[in-house]
Amino acid sequence: MTIAPPEPDRLHALADYAVMGTPSEKGFDDLARIAALLCGVPTALVTLVDDQRQFFKARAGFDVGCEAPLDVGFCPLVVRAEAPLIIRDTREEGHADNAAVAEGGVRFYAGMPLRTAAGAVLGTLCVLDRQPRPEGLTPGQSEGLERLAEQVVDQLELRRALSERERLLAEQRVATQQRRTYSQIQDAIAASGGDLDTILDALIEGAMRAVPAAEGGVLELLDGEELEYRTVGGTLTQHRGVRVPLDGSTSGACARANEPILLADALLDPRVKADARALIDLR
């Protein structure tokens with residue numbers, strides 16, 4: 001018997017699929033449509049449930065938005081109970097005040113939990129009807145709906161695997177570019193004949209290639225109590241030779257502390273002097 005994880009672990013598992021709020025996808029839409037056809041109902045949903053809302057990843061015969069609060073409908077009940085739920089007549093079984101019944105007219109509901117291999121229930125595959133179904137589902141329909149719910153989970157796993165594959169490929173591309181950049185820098189330094197300016201030019205060009213979003217780059221060399229813009233690139237090219245004080249400048253703070261500095265926004269960081277920021281158009 002699989003023991004379901006506690007709610008924080010369930011929410012973490014759901015977040016790991018990165019599916020809440022995403023656009024419709026054919027694989028999920030097809031499974032919802034098959035569920036509706038199998039059970040002979042007009043509406044079927046693939047619903048994912050977090051601690052704030054229900055998100056309808058797939059909708060067949062349903063055009064009333066792609067999400068709902070947790071107190072509307074019955075999918076959250078399935079998630080909490082971690083078991084299938086069949087309501088043959090919502091009005092007769094004590095749910096007349098539920099907004100899905102009072103406003104949406106739902107009279108019949110059947111939902112199967114979307115349970116991962118680790119036991120986390122992420123949501124439901126459910127079917128709805130505006131007519132009560134005193135007979136409920138046939139054994140074949142119940143089994144078929146359960147198998148389709150398993151297919152929804154398989155689709156989620158496939159989607160996550162493809163996403164992870166793309167992430168790894170992107171990391172590999174970045175790593176390859178970085179290795180190429182390092183090799184080019186080393187080649188340039190080896191060919192420099194020891195000329196400092198050539199070496200520094202190679203370093204700043206390599207740094208900017210390693211950070212493709214960079215608009216400018218500068219190597220500042222210490223000269224007494226000042227830092228000189230010795231080697232520059234990109235938008236900072238025109239500022240070659242600019243000198244900034246060690247005390248009262250961001251670069252000076254970096255040099256004094258002998259630690260990296262990440263400057264998120266020069267407009268908000270008190271270490272940045274307004275005149276220096278304006279001079280080099282730093283943000």
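This is a predicted model: local features need pLDDT of at least 70, side-chain atom pairs count only at pLDDT 80 or more; totals for chains, interfaces and linings use all residues.
Strands β1 (residues 43-49) and β6 (residues 121-129) run antiparallel, and six bridges join them.

Strands of a sheet pair through backbone hydrogen bonds, either parallel or antiparallel.

**The whole chain**

The chain has eight helices and nine strands. Its radius of gyration is 30 Å. The globule rule gives 19 Å for 283 residues, so the chain is more spread out than a compact globule. Along the principal axes, the C-alpha trace spans about 90 × 40 × 35 Å.

How much of the chain is buried? Buried residues make up 35% of the 283 residues. The chain exposes about 16,100 Å², and carbon and sulfur atoms supply 54% of that area. Contacts can also be sorted by separation in sequence. Among those between residues at least 6 apart, 50% join residues at least 24 apart.

**Aromatic rings**

A pair of aromatic rings is described by the distance of the centres and the angle of the planes. The structure holds two aromatic pairs. Here are their values.

| Ring pair | Distance of centres | Angle of planes | Arrangement |
|---|---|---|---|
| Phe56 and Phe62 | 5.4 Å | 75° | edge-to-face |
| Phe74 and Tyr109 | 5.3 Å | 55° | tilted |

Why is the pair of Phe56 and Phe62 edge-to-face? Its planes stand at 75°, and planes over 60 degrees apart count as edge-to-face. The planes of Phe74 and Tyr109 are at 55°, so that pair is tilted.

Where do Phe74 and Tyr109 sit in the chain? Phe74 is in the loop between β3 (67-68) and α3 (75-81). Tyr109 is in strand β5 (residues 108-115).

Now take burial. Phe74 is buried, and so is Tyr109. Phe56 has a relative accessibility of 9%, so it counts as buried. Phe62 has 23%, so it counts as partly exposed. The cut-off for buried is under 20%.

**Charges over rings**

Arginines sit over rings at two places in the model. The charged end of Arg133 sits over the ring of Phe108, at 4.9 Å from its centre. Arg160 lies over the face of Tyr17, and its distance from the ring centre is 4.1 Å.

**Positive phi in two loops**

Which residue between α1 (7-16) and α2 (26-39) deserves a look? Ala18 is in that loop. Ala18 is not a glycine, yet it has a positive phi of about 50°. Is Ala18 buried or exposed? Its relative accessible area is 54%, so Ala18 is exposed.

Asn258 is in the loop between α7 (250-257) and α8 (274-280). Asn258 has a positive phi of about 55°, although it is not a glycine. With a relative accessible area of 71%, Asn258 is exposed.

Key: Residues are numbered from 1 along each chain as its sequence is written. Side-chain values use heavy atoms; hydrogens and water are left out. Rings of Phe, Tyr and Trp (its six-membered ring) pair if their centres lie within 6.5 Å; planes under 30 degrees apart count as stacked, over 60 as edge-to-face and the rest as tilted. Buried means under 20% relative accessible area, exposed over 50%, partly exposed in between (1.4 Å probe, protein chains only). Helices (H or I, at least four residues) and strands (E, at least two) are DSSP runs, numbered from the N terminus. A charge sits over a ring if NZ of Lys or CZ of Arg is within 6 Å of the ring centre and within 35 degrees of the ring normal. The radius of gyration is taken over C-alpha atoms; the globule rule is 2.2 Å times the number of residues to the power 0.38. Contact means heavy atoms within 4.5 Å. Accessible areas come from the Shrake-Rupley method with a 1.4 Å probe; for residues, only the protein chains shown count as cover. Two strands pair if DSSP finds at least two bridges between them.
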